[in-house]
Amino acid sequence: MANLTTIIKKKLHSKAGFSLTELLATVIILLLVSSIVATGIPVARDAYEKVVIASNAEILLSSTITTLRNELGTAKDVEISSNEITYYNPSRSALAKIYVDSGTKDIMFVRYLSDGSGQWYNEGTAPTLLMSTKTATKELYITYTSVTYSDGVVTFDNLSAKKESDQTELAKREHVSIRVIAD
């Protein structure tokens with residue numbers, strides 16, 4: 001060990017410099033290291049993006065379940081027909097409908113208000129996504145295959161977050177049951 005230290009000290013204090021072979025070996029080693037790093041960056045970036053989108057899917061699914069529980073938890077007069085849920089929400093004094101849009105496959109939401117005469121109107125607003133665009137992401141959507149209502153419990157089957165580009169299922173709950181307290 002002392003011998004190697006002496007050789008290195010002599011080289012550093014020498015005015016002769018490095019030989020061409022030593023410089024070429026250094027350049028080759030640097031090229032190999034930089035090529036390994038350069039090929040690893042896209043792999044790491046792709047892995048990071050997959051983890052982030054999977055995490056976003058879980059968060060979006062969880063937020064959707066919370067929103068559904070908030071909407072349906074105090075619902076009255078719940079009716080289900082062809083995967084559409086229509087109900088009255090007494091806390092908002094509004095009739096509402098939740099359904100899966102056939103074009104986008106996303107869960108949609110529309111609220112109808114009353115003029116006091118028992119007639120319900122939409123105020124001219126189009127149905128919106130159940131989750132606001134701030135919560136949802138461009139590449140994810142939430143959908144379900146069927147919904148049932150029995151004994152005061154609304155049950156969503158296969159509530160899932162999917163990737164828009166290839167419909168890959170990133171997060172899923174087989175059955176989500178929401179007890180309707182007011183009904």
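These questions and answers test the labels placed on a predicted model against their definitions.

Q: What kind of model is this, and which pLDDT cut-offs apply?
A: The model is predicted: local features need pLDDT of at least 70, side-chain atom pairs count only at pLDDT 80 or more, and totals for chains, interfaces and linings use all residues. Residues are numbered from 1 along each chain as its sequence is written, and side-chain values use heavy atoms, with hydrogens and water left out.

Q: What makes up the chain, in helices and strands?
A: The chain has 2 helices and 10 strands. Helices (H or I, at least four residues) and strands (E, at least two) are DSSP runs, numbered from the N terminus. From the N terminus on, the order is α-α-β-β-β-β-β-β-β-β-β-β.

Q: How do you know what span to expect of helix H2?
A: The expected span is 1.5 Å times one less than the number of residues. Helix H2 covers residues 20–72, which is 53 residues. Its first and last C-alpha atoms are 78 Å apart, close to the 78 Å expected.

Q: Which residues of H2 are called buried?
A: Buried means under 20% relative accessible area, exposed over 50%, and partly exposed in between (1.4 Å probe, protein chains only). In H2 the buried residues are Ile 53, Ala 57, Leu 60, Leu 61, Thr 64, Ile 65, Leu 68, Glu 71 and Leu 72. An α-helix has 3.6 residues a turn, so residues three or four places apart point the same way.

Q: Why is Val 33 called partly exposed?
A: Its relative accessible area is 47%. That value lies between the 20% and 50% limits, so Val 33 is partly exposed. Val 33 is found in helix H2.

Q: What makes Ile 29, Val 33, Val 37 and Ile 41 a nonpolar patch?
A: Patches are made of residues with over 30% relative accessible area and no salt bridge; like charges are joined within 9 Å, nonpolar side chains (Val, Leu, Ile, Met, Phe, Trp, Tyr) within 5 Å. Val 33, at 47%, passes the area limit. The four residues make a patch of about 370 Å².

Q: What is the accessible surface of the chain?
A: The surface comes to about 12000 Å², and 59% of it belongs to carbon and sulfur atoms. Such areas come from the Shrake-Rupley method with a 1.4 Å probe; for residues, only the protein chains shown count as cover. Of the 183 residues, 26% count as buried.

Q: Where are the hairpins and their positive phi values?
A: E8 and E9 form a hairpin with 2 residues between them, and Asp 151 in the turn has a phi of about 50°. E9 and E10 form another with 5 residues between them, where Gln 167 has a phi of about 55°.

Q: What makes Glu 84 and Lys 97 a salt bridge?
A: A salt bridge is a side-chain nitrogen of Lys or Arg within 4 Å of a carboxyl oxygen of Asp or Glu. Here the N to O distance is 3.8 Å, so the pair qualifies. Glu 84 lies in strand E2 (residues 84–89) and Lys 97 in strand E3 (residues 94–100), so the pair ties together parts that are 13 residues apart in sequence.

Q: Which salt bridges does Lys 172 make?
A: Lys 172 meets Glu 169 at 3.9 Å and Glu 174 at 3.5 Å. Both distances are within 4 Å, so both count. Lys 172 is partly exposed, at 32%.

Technical notes:
Pairing = 2+ DSSP bridges.
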